[in-house]
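Please look at the sequence and the structure before reading on.

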Amino acid sequence: MSSPPPQRPSLTAGLAALKRQEYDLAIAHLNGVYTNESEGIRKRRAQQGLVIAYRKVGQGQQALNLCHLLTYSPDAPFQNWAKKTLPKLKRQFPDLEPSKTMSPDDPTDALSVSPPPIPKTEVKEPNNRFSVPSAAPEVRTWKNAGRAKRLGTLPKTSKLGSDIRWLWGLQGITAIAFFGWMVTVIEISFSLVQYLLLKLPFLSPWQILYQDPTLFLFIFSLLIFIASPVLLSVLLKKGYELEPLNLEHLKTIRPESATLIQRCCRQRKLPQPTLGILPTSLPLIFTYIQYPIGHLRPTGHVVISQGMLDRLEDDELAIFYATQLAHILNWDFLLLSACVCFLQLPYTLYWSVSKLGERLADRLDIPLLELIVRGLSTLLANLSYTYYHLFRLPLLLLSRWRLLYSDASAVSLTGDPNALTRGLLKLAQSWHRGIMQTSTVPEVVERFDLLLPLGVEQAIAIGNLTPNQPFESVLQWDLHNLYRYGVTLLSSHGRLGDRLQRLTDLARFFRLETELDLPFIPPRRFSLSSDFTQWLTTQMNFSLETELRLPFSSPIRLSLPSTLPEWLKTAINLIVATSIFVNNSLPLFPRALCQAFIVGIGFRLVLMLVGAIAYFFYVGQLVWLSQDQDGDLITACYFISLSLILMLQINRYYPEVRPLQDQRIDRSESFAKFQIDATLTPQKRQIMRLQGKLLGRRGVHNGLGQTLILHTSAGLIRLRHCPCVSIFGDWGINPICPKDLIGQSVKVGGWLHRGADVAIDLAYLEGRSQLQANSYHPLLLSLLAISFGLWGAYLVFQT
């Protein structure tokens, strides 16, 4: 949705937006400065910023025109910069040339192509940044369902009214798991470095790598936990211009939110949390630990963005503040904020190395040096990004659980579940628009995703809906699919449909009109009654409260002999049900890891039986099969089983996708149908060929192809890329990578599958001039399968 240019174009605001990667907003300001200013340093700085912004959003013609014009600048620094940048622009946009009719005496010709629409955000000067924005017209009509007149205790039978001790117990387990996983990852990394140093010539191993890092990591983690309030505050102030938000000022523009904070702190005897605001148009809210002066009890630093004030009504903002107060009351923000602070180390290294590598490579005139700098920076950035995602794995379950508890507590504080429903949906829509405007996932969202109330996948799914499509259509999969519970295991946020359905149930409990027409799903409680076996195979889902449900909604009937004991029947049904769940709800590699346990144990039992028979018949050459003191045989059986399972299932999971030029392009509407299909499972692979504009980060920032999004007429579609040699850096010998096609109109071929969201595993990606980037999902899995098989054979040989 477009809006007119800002009434007061500002060079400072434009450069700040460029730094935050809000390119459309930067173009709006810099274009105004460039058009209105006379010749001078401000005009040339705006021109330089426009070249960078147009290059980032893929508008090569404007970037080439302005850069070519800047080569005539009388200022030597700008002229030299333009002469270095112009060849790079021509390499990036080989089909374009600067306009030949453009004259240095008529600089407005450089902007002959109209700029893209700017985001619908009011840009405010520092003195009135927190003023109440003018209400923007909403395209979608909201019910604006009411709230409870009286606040009361939530029903004990509610799925949200669970015992807080379960959450505290999970935090203890998460803390132990996070530290143990961190030590394990670092020890494995040290072992790999030692091995490389031993094998490479002219190098010797470092003695420090042979020491146990556990004590050092424990002390380091403790220091990070203590210093996390200061470190996070410094990061937000320096990197994102965090400013304090006075409660009295908040009371003048959002009275209900300020009143809620005061009332909750007074009733619960909490020290008032510190409030802050980020000057970004993207709606954000999160809380991290803070130690208030004069209080022994730690409290939180609640940070919101200007976009929250712009997008949400007062009651919606108030309940989001209530969710942050709930995190403080539940004590779940302590551990997670400290761990997020630790995660900033690898992420900041990834982001800083990427920026520095791009900057140095752009300034170098020698191609060989540019290649070396870009290759080394890409390698280091890829490693840092990989460690960031490895370290966060033990935190995912806590990140999902705590949202359910905070939703319940927020409703008990405000009595307004409908406001939280509207707020979550509005946040998703705003994030969707923000991704389209910035052409990538904002950095701040990825940095603090574990603390945010929403995930990027959920925002994309909700934002793809047209105004005349009901929200309920895209939530059906979250509510009714049989295998929905396994796909969020590696997600930082749970299923949005599940959260909204719980809020809808609470609205019914308060006898309110519901914002969404979602069905009531009664909970199934754990019982040891005589029908336990039947219940176990008909409803399997583990909920966060005192309810135990496992992952099935349809019965599995086995013809078991009536003479078998009840416990054996239960065990058999449990094994069969779990096997079907794993087979139908998990992607190929995680599924193979689980299946290899069962197959490997069976394989080992067969070998033990063969060894026992050989011992009985005095066949000494096979007796060793029943002996495994060091555990090498059982490990070998697991890896060999894993290798066989992968090799047998790769072709079925990834069927052949023919070259794009030989096939027709599917209509975008076909993807929209898959997005609302409640019967789609991770095993139902659909070959898709679509066309659209490729969005994502550019250059070193996207060395792994981790942020690739296809913008089609049906909305945004996440693309999953599996790189090959580009994992080890961009050394000029790699084929075309997807990051080289960012901003272009591309044709995509791949396998559509349903996970936490609907995404496409890339096979081919074709841009202009028949440039084609390949993805290597089947090849990588085949190499892993061969490696596992060889390792298993080596262990057997060693035995």
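The model is predicted: local features need pLDDT of at least 70 and side-chain atom pairs count only at pLDDT 80 or more, while totals for chains, interfaces and linings use all residues. Residues are numbered from 1 along each chain as its sequence is written, and side-chain values use heavy atoms, with hydrogens and water left out.

**Whole chain**

- The protein chain holds 25 helices and 10 strands; helices (H or I, at least four residues) and strands (E, at least two) are DSSP runs, numbered from the N terminus.
- Of the 799 residues in the protein chain, 54% are buried. Buried means under 20% relative accessible area, exposed over 50%, and partly exposed in between (1.4 Å probe, protein chains only).
- Among contacts between residues at least 6 apart in sequence, 73% join residues at least 24 apart; contact means heavy atoms within 4.5 Å.
- The protein chain has an accessible surface of about 37100 Å², and carbon and sulfur atoms account for 62% of this surface. Accessible areas come from the Shrake-Rupley method with a 1.4 Å probe; for residues, only the protein chains shown count as cover.

**Helices H23 and H25**

- Two packed helices are described by the angle between their axes and the distance between the axes.
- H23 packs against helix H25 (residues 777-798) at an angle of about 155 degrees, and the axes are 8 Å apart. Axes are lines fitted to C-alpha atoms, for helices over the stretch in contact, and angles run from 0 to 180 degrees between N-to-C directions.
- H23 and H25 are therefore roughly antiparallel (angles under 35 degrees count as roughly parallel, over 145 as roughly antiparallel, 65 to 115 as roughly perpendicular and the rest as oblique).
- The crossing of H23 and H25 is left-handed, that is, the near helix is turned anticlockwise from the far one by less than a right angle; clockwise would be right-handed.
- Residues of H23 that meet H25 include Phe-639, Ser-643 and Met-647, and those on the H25 side include Ala-785, Phe-788 and Trp-791.
- The residues of this H23 to H25 contact comprise 17 nonpolar, five polar and one charged. Ala, Val, Leu, Ile, Met, Phe, Trp, Tyr, Cys and Pro count as nonpolar, Asp, Glu, Lys and Arg as charged, and the others, Gly among them, as polar.

- Ser-643 lies in helix H23 (residues 632-653) and is buried, at 9% relative accessible area.
- Leaving aside neighbours within four places in sequence, Ser-643 contacts Ala-785, Ile-786, Phe-788 and Gly-789.
- Leu-779 belongs to helix H25 and is partly exposed, at 40% relative accessibility.
- From C-alpha to C-alpha, Leu-779 and Ile-650 are 9.3 Å apart in space, and 129 residues separate them in sequence.

**Other helices**

- The axes of helix H12 (residues 333-363) and helix H13 (residues 367-391) come within 8 Å and cross at roughly 165 degrees. H12 is therefore roughly antiparallel to H13.
- H12 and H13 cross in a left-handed way, and the residues of their contact divide into 16 nonpolar, four polar and four charged.
- Helix H18 (residues 471-480) is largely enclosed by the rest of the structure, because eight of its 10 residues are buried. Among them are Phe-471, Val-474 and Trp-477.

**Positive phi in loops**

- Asn-144 is not a glycine, yet has a positive phi of about 55 degrees. Asn-144 sits in the loop between helix H5 (76-92) and helix H6 (164-199) and is exposed, at 51% relative accessibility.
- Lys-269, also not a glycine, has a positive phi of about 55 degrees. The loop between helix H9 (255-268) and strand S2 (274-278) contains Lys-269, which is exposed at 72% relative accessible area.
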